[in-house]
Amino acid sequence: MPFFFTRIKYNSGNWDTDQRMPINLLNSLVEYTTIPVDEKEKVVELSSKEIFKSPFCYISGHKLVEFSSAERQNFKTYVENGGFVFADDCNHDIDGLFAKSFEAEMAKTFGENALQKIPNTHPIYSSFFEFEDGPPATSFELNGWGDDLIHDYLKAIVINGRIGVLYSNKDYGCEWDYDFRNKRFLKVDNTKFGVNIVVYALTH
C-alpha cells in the first residue's frame with residue numbers, strides 16, 4: 001500500500017497552513033527513496049476514526065490549539081497504538097500561541113513531562129540522510145521579530161521506545177512550502193530532513 005500524507009484537521013486554531021509542503025515532501029520521497037507514494041494529501045478530522053488508517057500525520061498552525069475531548073482521546077489512542085504525528089509550529093517563535101497551547105495540550109493528554117528534548121544523536125537524524133548536528137536550522141528561525149534563537153533540538157513524546165509525537169518549533173512546514181519544481185535552484189535540498197522523518201515513522 002502506498003504511503004500517504006495525512007494532515008490533521010482540528011476544530012480550534014488554523015490547521016490549513018503551508019499548503020504546498022506535502023506535495024514537496026512527497027516528491028522528495030519519490031526522488032530519494034523506493035517508498036511507493038500516493039501523491040495526494042489526505043485531510044482527516046482529528047475526531048474521526050479515519051485517523052487510525054494513517055501511518056503518519058502532520059499537525060500545524062499558528063493560533064490556539066485546544067482539542068475537544070473526542071479529539072484528545074483520538075490523538076492519544078492513535079499515538080499510543082503506534083501512530084506517528086509530526087507537529088510543527090508555524091510561528092517559529094518559542095513563546096508563540098501555537099507553541100504554548102500545543103505543549104499545554106500534550107501535557108494534558110500525555111502527562112506533564114511527556115514532551116522531552118531528544119538528543120541530536122537520536123536515530124531520526126540518521127534514518128536516511130545523516131544530520132550529525134541534529135535538526136537542520138530553517139531560515140524562519142532568525143526572523144527579525146521573534147526571539148532570534150536557533151532551536152538546536154526537537155522535542156518528542158516517546159512511547160515504548162519510539163517517537164509517537166515529534167514536535168518542532170523550527171517551522172519546517174513554511175521552509176518546505178514551495179513548488180517542488182523550484183528545488184533544483186537550491187544549493188542544498190532543504191526537504192531532506194522531511195525524508196528522515198517519514199522513513200523513521202515507517203520503520204520504527
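Trainee: When does a charge sit over a ring, and which residue lies over the face of Phe180 in this predicted model?
Mentor: A charge sits over a ring if NZ of Lys or CZ of Arg is within 6 Å of the ring centre and within 35 degrees of the ring normal. In this predicted model, the distance from the ring centre of Phe180 is 5.5 Å. The residue over that face is Arg181.

Trainee: Over the face of which residue does Lys117 lie?
Mentor: Lys117 is placed at 4.4 Å from a ring centre. The cut-off for such a contact is within 6 Å. The ring concerned belongs to Tyr153.

Trainee: Which residue of β3 is the bridge partner of Arg7?
Mentor: Strand β1 covers residues 6–9, and its pairing with β2 (residues 42–45) is parallel, over four bridges. In that pairing, Lys9 has Glu45 as its partner. β1 also pairs in the parallel sense with β3 (residues 57–61), over two bridges. There, the partner of Arg7 is Tyr58.

Trainee: How are the rings of Tyr58 and Phe86 arranged: stacked, edge-to-face or tilted?
Mentor: A pair of aromatic rings is described by the distance of the centres and the angle of the planes. For Tyr58 and Phe86, the centres are 5.6 Å apart and the planes stand at 50°. Planes under 30 degrees apart count as stacked and over 60 as edge-to-face, so the rest are tilted. The arrangement of Tyr58 and Phe86 is therefore tilted.

Trainee: How many residues apart in sequence are the parts that Tyr58 and Phe86 tie together?
Mentor: Both Tyr58 and Phe86 are buried, and both belong to one aromatic cluster, which also includes Phe3 and Tyr200. Tyr58 lies in strand β3, whereas Phe86 lies in strand β4 (residues 85–89). The separation in sequence is 28 residues.

Trainee: What is the angle between the planes of Phe102 and Tyr167?
Mentor: Phe102 in helix α3 (residues 97–110) and Tyr167 in strand β7 are 65 residues apart. Phe102 is buried because its relative accessible area is 0%, and Tyr167 is buried at 1%. Their rings are stacked, with 5.2 Å from centre to centre and an angle between the planes of 25°.

Trainee: Asn160 and Asp171 have positive phi values; which of them is buried?
Mentor: Asn160, in the loop between β6 (154–159) and β7 (162–168), has phi near 50°. Asn160 is exposed because its relative accessible area is 76%. Asp171, in the loop between β7 and α4 (172–175), has phi of about 60°. With a relative accessible area of 0%, the buried residue is Asp171.

Definitions and conventions: Residues numbered from 1 in each chain as written. Predicted model: local features only at pLDDT ≥ 70, side-chain atom pairs only at ≥ 80, totals over all residues. Heavy atoms only, no water. Pairing = 2+ DSSP bridges. Buried < 20%, exposed > 50% of the residue type's maximum accessible area, 1.4 Å probe, protein only. Phe/Tyr/Trp six-rings, centres within 6.5 Å; stacked < 30°, edge-to-face > 60°.
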